[in-house]
Amino acid sequence: MTTRRTIAPEELGTLNLADPRLHAESDLSAVWRHLRERQPVYWNPATETAPGFWAVTRHTDVTAVYRDSARFTSEGGNVLETLLAGGDTAVGRMLPIMDGEKHAGLRRVLMSAFSPRALEPIVESVRRTVTRLLGEALDKGSCDFAADVAAGIPLGAICDLLGVPDRDRAHVLSLTSSALGSHEADSTAADAWIAKNEILLYFAELARDRRDSGHSDVIALLAGSEVNGLPLDDDEIMLNCYSLILGGDETARLSMVGAALALLEHPDQWQALKRGDAPVDTAVEEILRWTTPALHAGRTATTDTEIGGHPVRAGEIVTVWNASANHDELVFHAPGELRLDRTPNKHVTFAYGPHFCLGAHLARAETGAVLAGLRDLVAEMEQTGPARPVYSNFLSGYGALPLTLKAA
């Protein structure tokens with residue numbers, strides 16, 4: 001029910017890796033394998049409307065680019081959409097698209113809210129939410145796992161952290177889906193732009209309300225902190241809230257939907273999880289590798305340099321493809337097989353180096369709670385209709401997954 005067209009390496013010359021339809025409707029496994037083996041630093045040609053860019057596909061080269069923010073900066077943008085459009089207007093003011101001392105300083109501020117100890121009450125709330133949502137789905141007997149279960153988990157957690165009122169959360173969820181990727185093939189860049197601006201306006205208002213408010217959420221933390229001796233202005237607070245809500249919601253949600261689908265498509269692994277042969281913590285890492293909800297990250301070369309011996313010129317766009325690196329045969333044994341007991345598991349789903357995902361601990365806890373909930377509460381799952389892909393060149397996964405569930 002989730003079959004996609006397999007793209008052969010011979011078709012590479014006709015492909016544009018920036019095309020959302022390509023990723024939503026195709027299986028690129030053979031193309032990634034070909035690139036890793038033959039053209040690990042591949043030039044995706046320019047189109048009539050966008051410049052060309054490098055696609056880096058081997059795990060060792062991907063981690064080398066991630067690690068080196070001096071030669072490969074995020075400050076031109078960190079995803080294809082903004083890089084191909086000429087850059088991001090929030091450069092230097094939002095954590096994912098700043099480097100150097102300011103990035104390190106702001107990251108230190110936010111780490112205090114994202115440490116395992118600080119997140120303990122959020123994680124407990126996540127577990128309760130998973131139990132409640134799975135219970136409601138089991139009572140009904142059928143559900144759209146994406147909308148009825150997965151959608152309520154990461155958004156609730158990140159909204160708890162940011163102090164978003166309950167009455168606003170459904171609205172924020174719909175905006176995040178439109179801003180990063182669409183469930184519809186015919187959605188436009190204008191739709192995404194409108195959604196992004198609505199999120200920014202929402203958090204601008206929330207940030208103004210939180211200054212000197214006595215709240216203890218992340219917005220209040222940002223409003224009361226200094227980075228390298230300077231306070232954050234309202235725009236910087238707004239932009240970093242925007243970044244956290246997008247980063248913390250959509251990718252985690254897609255991992256959860258992907259987890260359910262992976263268990264359906266690999267009944268031996270579903271049974272291994274239920275028997276306890278695959279520990280939840282280990283299974284989480286394999287699900288994160290298998291689903292890879294963030295397909296790529298983008299950088300800009302700051303100087304004439306090289307990647308794996310391939311010359312790259314200053315100013316050129318460099319994309320690192322997590323979707324390929326997480327299936328690199330030189331790092332993962334039998335990467336095309338889902339093995340919930342896989343260890344070690346050096347996936348790059350959370351990136352690597354100075355931009356390693358701030359919310360990794362929370363994302364792992366969320367996916368772990370879903371896996372534990374499915375293991376303990378669900379006896380059987382059956383897919384009752386096609387999974388609907390997300391149309392994006394950045395996000396990978398499914399925005400709808402209709403299931404029937406039977407209680408354990």
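Thr3 is found in the segment before strand S1 (5–6), where strands (E, at least two residues) and helices (H or I, at least four) are DSSP runs numbered from the N terminus. This is a predicted model, in which local features need pLDDT of at least 70 and side-chain atom pairs count only at pLDDT 80 or more, while totals for chains, interfaces and linings use all residues. Residues are numbered from 1 along each chain as its sequence is written, and side-chain values use heavy atoms, with hydrogens and water left out.

**Strand S12**
- Strand S12 (residues 317–321) is largely enclosed by the rest of the structure, because 5 of its 5 residues are buried (under 20% relative accessible area, with exposed meaning over 50% and partly exposed in between; 1.4 Å probe, protein chains only).
- Both faces of S12 are covered, with Ile317, Thr319 and Trp321 buried on one side and Val318 and Val320 buried on the other.

**Strand pairing (at least two DSSP bridges between two strands)**
- Strand S4 (residues 53–56) pairs with S12 in the parallel sense over 3 bridges, and Val56 has Val320 as its bridge partner in S12.
- Strand S9 (residues 296–301) runs antiparallel to S12 and is joined to S12 by 5 bridges, with Trp321 in S12 as the bridge partner of His296.

**Thr3 and His266**
- Thr3 counts as exposed, at 77% relative accessibility, and Thr3 lies 13 Å from Gln383, C-alpha to C-alpha, although the two are 380 residues apart in sequence.
- His266, in the loop between helix H12 (234–265) and helix H13 (267–275), counts as buried at 19% relative accessibility.
- Leaving aside neighbours within four places in sequence, His266 is in contact with Trp290 and Leu338 (heavy atoms within 4.5 Å).
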